[in-house]
Amino acid sequence: MLYIGCHLSSSAGFKAMGETALKINANTFQFFLRNPRGGAAKDIDKKDVDAFLSFAKEHCFGKILAHAPYTLNPCSKDLKTREFAREVFADDLKRMENLPNNLYNFHPGSHVGQGVAAAIPQIVEILDDVMGEAKHTTVLLETMSGKGSEVGSTFEELAEIISKAKINAPERLGVCLDTCHVFSAGYDIINRLDDVLADFDRIIGLNRLHAIHLNDSMTEFNSHKDRHEKLGKGSLGQEGLIRFINHPAIRNLPINLETPNELEGYAEEIATLRANYQNF
Ligand code: FE
Ligand code: FE
Ligand code: ZN
C-alpha cells in the first residue's frame, strides 16, 4: 500500500491537515508541532485531535510524522542549546501521546567543532532523558547529508547512537531515510539501491526503517549539501525515485515529500507517484 503525503502547515490544526491531505490525494503527512524555529507550542486541542483520528481511520491514512524544530540540536557545544533541545524534545513527545502509534523525526544535530566522538554521547544522553515520554510514538533519527558538522550522515553513526540508547527497541527508536540527504552523503540509491539497502540492513537493520522523506536534490551525488529539488528536476531523477518507492523494503512505509512546492505541485507529484506505483 502506498502511503504518500507531504509536509503541511499545522496552523489550522490536525483535522484541517487531514482534509488538506485528502484534497491532494495524500494518505499521510508531515507537520511541525510548533514553529520550526522552536517557539512555544499551542495547546493540543483534544476535540480537533479526536476529529482527526476518526477522519484518518475513515480514510485509511498511514502513520503521520511530526518533525522536530530545526533549532533542536542535541549535540550543541552550548549547554543552554542542549537544555533547550531536551525540553522541546520531551514536550513534543508528550504532545504526541495524544496521537498514539505515529512517528516523531529529529535531526541528530550538528557538533559545531567538538567532533562526532563528543557529540554521540550527548545525543544519547538526551534520548535517554526523553524516550520515557514516547510510550506510543516511534522516535526517528533522520539520515543527514553531512553539511557543515552534521552528525548522522553515515549509517554507522546512526547505528552507534541507537545501540547506545537505553530505550531502543526497533518499534521505539528507528530511522527516517531522506533520499536527498543520503544521496548527498554518498549513498547511491539510484544506481546501487539494493547494495545501499543491504548496507542499511547490516549496519542499522531494515526493521528500524520507519519512514521516508522523498526529495530530489539540486546538488550532485556525494556533494554533502542539502538542497531539496522537485521530483525529476534534480540529480536523482524521476526514474530512480520511482524505482525507489517500489522497492520491497520501502513500498509500505509512509513517504513524505519535502520538495520545494506549494500544494498544487505536491498534488502533481503525488499523482505521478501513484500512477507509477506497482499494485500487486
Ligand atoms: Fe528534516
Ligand atoms: Fe528530510
Ligand atoms: Zn534536507
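Reader: Which residues of helix α5 are buried?

Author: An α-helix has 3.6 residues a turn, so residues three or four places apart point the same way. In this predicted model, helix α5 covers residues 155-164, and F155, E157, L158, A159, I161 and I162 are buried there. Buried means under 20% relative accessible area, exposed over 50%, and partly exposed in between, with a 1.4 Å probe and protein chains only. Helices (H or I, at least four residues) and strands (E, at least two) are DSSP runs, numbered from the N terminus.

Reader: What covers the buried residues of α5?

Author: The cover includes the helices α4 (116-130), α6 and α7 (193-203), together with the strands β5 (137-142) and β6 (173-178). A contact here means heavy atoms within 4.5 Å.

Reader: Before we proceed, on what conventions do these values rest?

Author: Residues are numbered from 1 along each chain as its sequence is written, and chains are lettered from A and ligands numbered from 1 in the order in which they are written. This is a predicted model, in which local features need pLDDT of at least 70 and side-chain atom pairs count only at pLDDT 80 or more, while totals for chains, interfaces and linings use all residues; side-chain values use heavy atoms, with hydrogens and water left out.

Reader: Which residue bridges the iron ion (ligand 1) and the iron ion (ligand 2)?

Author: E142 forms that bridge, and the two iron ions lie 3.4 Å apart.

Reader: How is the zinc ion (ligand 3) coordinated?

Author: Ideal angles at a metal are 109.5 degrees for four tetrahedral donors, and 90 or 180 degrees for six octahedral ones. The zinc ion (ligand 3) is held by H181 (NE2), D226 (OD), D226 (OD) and H228 (NE2), at 2.0 to 2.8 Å. The four donor atoms subtend angles of 50 to 139 degrees, and the arrangement is therefore irregular. By definition, four donors count as tetrahedral if all angles lie between 85 and 135 degrees; four count as square planar and six as octahedral if opposite donors are over 155 degrees apart and all others between 65 and 115; anything else is irregular.

Reader: How are the donor residues of the zinc ion (ligand 3) spaced in sequence?

Author: The pattern is H-x44-D-x1-H. H181 in helix α6 (residues 179-184) and H228 in strand β9 (residues 228-229) are 47 residues apart, and this pair links distant parts of the chain. H181 is buried, at 2% relative accessibility, as H228 is at 19%.

Reader: Is N246 buried or exposed?

Author: N246, in helix α8 (residues 238-246), is buried, with a relative accessible area of 10%. A polar atom of the N246 side chain lies 3.0 Å from the backbone oxygen of N276. A polar contact is a pair of N or O atoms within 3.5 Å; within protein, one must be able to donate a hydrogen and the other to accept it, and residues adjacent in sequence count only if both atoms are side-chain atoms. Leaving aside residues up to four places away in sequence, N246 touches R251, N276, Y277 and Q278.

Reader: Where does N25 lie?

Author: N25 is in the loop between α1 (14-23) and β2 (30-32). Phi of N25 is near 65 degrees, a positive value in a residue other than glycine, and N25 is partly exposed at 46%.

Notes: Donors are N, O and S atoms within 2.8 Å of the metal (3.2 Å for Na, K and Ca); water is not among the atoms, so sites may look incomplete.
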